[in-house]
Amino acid sequence: MDIKVSSGSIIKGNVVCSGAKNAVIPLLCASLLSKGKVMLRNVPRISDVFDICNILRYLDCKVIFKGHTMLIDNTNLKYKPLLIEECKKIRGSYYFIGVFLALFSKCEILLPGGCKIGSRPIDVHLQAFEDLGFKYIIEDDILTIFKTKVNEEASLVLTKKSVGASINTIFAGLRLNHYEIKNGLYEPEGLDVIHFLQKLGYRLTLKDEVIQYEKSKLDFKLIKHTVIPDRMEAMTYAVLGLLKGEVTVKRVNTKDLELPLRILKDAGYQISYTESEIYAKKSYGKEIEIKTDIYPGFPTDLQSIFGVLAINTIGKSRIEETVFEKRMQIYYDLKDSGVDCKITGNKAEITGTNKIHSKNYSACDLRHGAALLLLALVGDEEAIISNFDYVLRGYDDIVNRVKALGGKITIL
Ligand code: EPU
């Protein structure tokens with residue numbers, strides 16, 4: 001899908017934050033771990049969610065998705081090899097591995113795909129599965145994993161801080177009597193998944209980054225859960241306000257955005273917030289300095305969004321990506337649009353300006369696409385963004401929401 005962004009938009013209004021993509025994907029996979037039905041509220045209508053739903057339906061689950069509420073009934077769930085296109089399309093399909101190991105002690109799956117922002121191996125997941133007593137083979141992009149010995153207990157240390165591997169290991173071990181996982185990484189989205197599992201009846205405790213699990217007996221009942229707000233979406237709209245007008249983002253957890261908000265405040269931007277709301281108004285800040293890091297450090301998912309904001313600074317901003325190797329494309333786009341931007345490896349130095357010569361752009365991942373939309377909206381000419389589908393993977397109804405704020409966008 002391509003979109004046209006015309007110049008001269010005046011952005012003003014409110015946005016209600018959607019449910020978090022990086023929480024809802026593992027939550028949907030974890031719905032298979034319940035006995036009976038699950039009702040999820042605040043589910044974003046994004047293409048990654050539709051792909052996961054297709055996988056759930058392929059597994060004979062009943063999925064009803066109305067508005068932002070989803071009902072999943074796994075009564076008829078049965079084991080099937082996960083050799084379907086949807087698994088290859090999205091990254092989060094890797095959560096089915098852990099869930100399948102908990103339920104069936106085996107899994108056959110097409111290796112997960114997702115945004116091409118680096119090599120994105122799953123070695124940490126695989127090592128942890130081995131530590132839990134599973135063996136795996138990878139052949140022709142198919143991962144086959146099965147149980148070799150009966151482990152009743154496990155104590156393991158994840159070999160790297162990884163959001164996905166931490167949750168996947170929690171899932172995979174749920175068949176054991178007891179486990180302990182050290183060196184996990186639990187961002188707000190991971191904590192939401194742990195709370196959900198606890199609601200299902202799994203006896204999990206998290207203390208000082210160590211997860212412990214004791215075998216649990218689950219009840220047959222309807223479990224209701226509300227997905228936490230998407231901090232990346234909230235910040236994207238707030239930055240749009242800072243760049244182009246005035247935006248209030250409602251139903252946010254600002255405590256999950258402590259560092260990005262502090263950086264903006266310290267730089268002097270017109271931004272204010274309460275526990276659940278952010279108000280952002282067009283303003284110029286002092287130069288910003290950002291280095292991405294694991295939570296609670298600066299999120300890699302906001303790096304390109306802040307890269308575009310750097311054009312609204314007085315002075316030179318410095319941005320460095322440390323989590324994924326290939327997330328610097330936006331700085332080449334800034335350069336092509338006339339911004340003084342120096343790129344060295346995974347570092348960029350951007351000089352503030354108010355002259356953007358819009359070009360035709362092409363999105364190459366979800367956050368890059370969202371950053372391009374911000375860039376196109378501040379540009380002084382018409383811009384086309386191709387491959388905008390990437391953005392629909394993670395931003396609920398973004399075209400209509402930006403149009404409702406005053407953005408001039410046409411789907412081509
Ligand atoms: N890594 C490994 N081996 C592994 C797993 C990770 O080397 O087995 C590396 C990665 O290549 C990366 C680093 O460890 O360099 C961190 O990766 P992590 O596992 O924490 O991230 P992820 O689970 O692949 C999730 C989100 C990403 C988000 C990151 C960081 C999902 C489906 N994806 O990825 O979301 O950037 O955590 O918060 O939850 C996005 O929303 O645009 C996005 C890419």
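**Ligand site and cores**

I'll start with D301: one of its polar side-chain atoms lies 2.6 Å from an oxygen atom of the ligand. Before going on, note that this is a predicted model.

How much of the ligand does the protein cover? The ligand on its own has 830 Å² of accessible area, and the protein covers 94% of that. The space the ligand takes is the largest pocket.

Two other side chains belong in this part. D123 has a side-chain N or O atom 2.7 Å from a nitrogen atom of the ligand. E187 places a polar side-chain atom 3.2 Å from a ligand oxygen. In total, 23 residues surround the ligand. The closest are Y94, D123, S162, D301 and V323.

Now the cores. In soluble globular proteins, nonpolar side chains tend to be buried together. Here the largest nonpolar core has 76 residues. Which of them have the most contacts inside it? They are L33, F96, I170, Y179 and L197.

Take L197 as the example. Leaving aside residues up to four places away in sequence, L197 touches A30, L33, I170, F171, L174, Y202 and L204.

Terms used
Residues numbered from 1 in each chain as written. Predicted model: local features only at pLDDT ≥ 70, side-chain atom pairs only at ≥ 80, totals over all residues. Heavy atoms only, no water. Core = buried A, V, L, I, M, F, W, Y, C linked by side-chain atoms within 4.5 Å. Buried < 20%, exposed > 50% of the residue type's maximum accessible area, 1.4 Å probe, protein only. Contact = heavy atoms within 4.5 Å. Near = heavy atom within 4 Å. Polar contact = N/O pair within 3.5 Å; in protein donor to acceptor, adjacent residues only side chain to side chain. Areas by Shrake-Rupley, 256 points an atom, 1.4 Å probe, with all protein chains shown as cover. 1 Å grid on protein atoms, 1.4 Å probe; cavity = no way out; pocket = protein on both sides within 12 Å on 5 of 7 lines; lining within 4 Å. Sits in = over half its atoms within 2 Å of the grid points.
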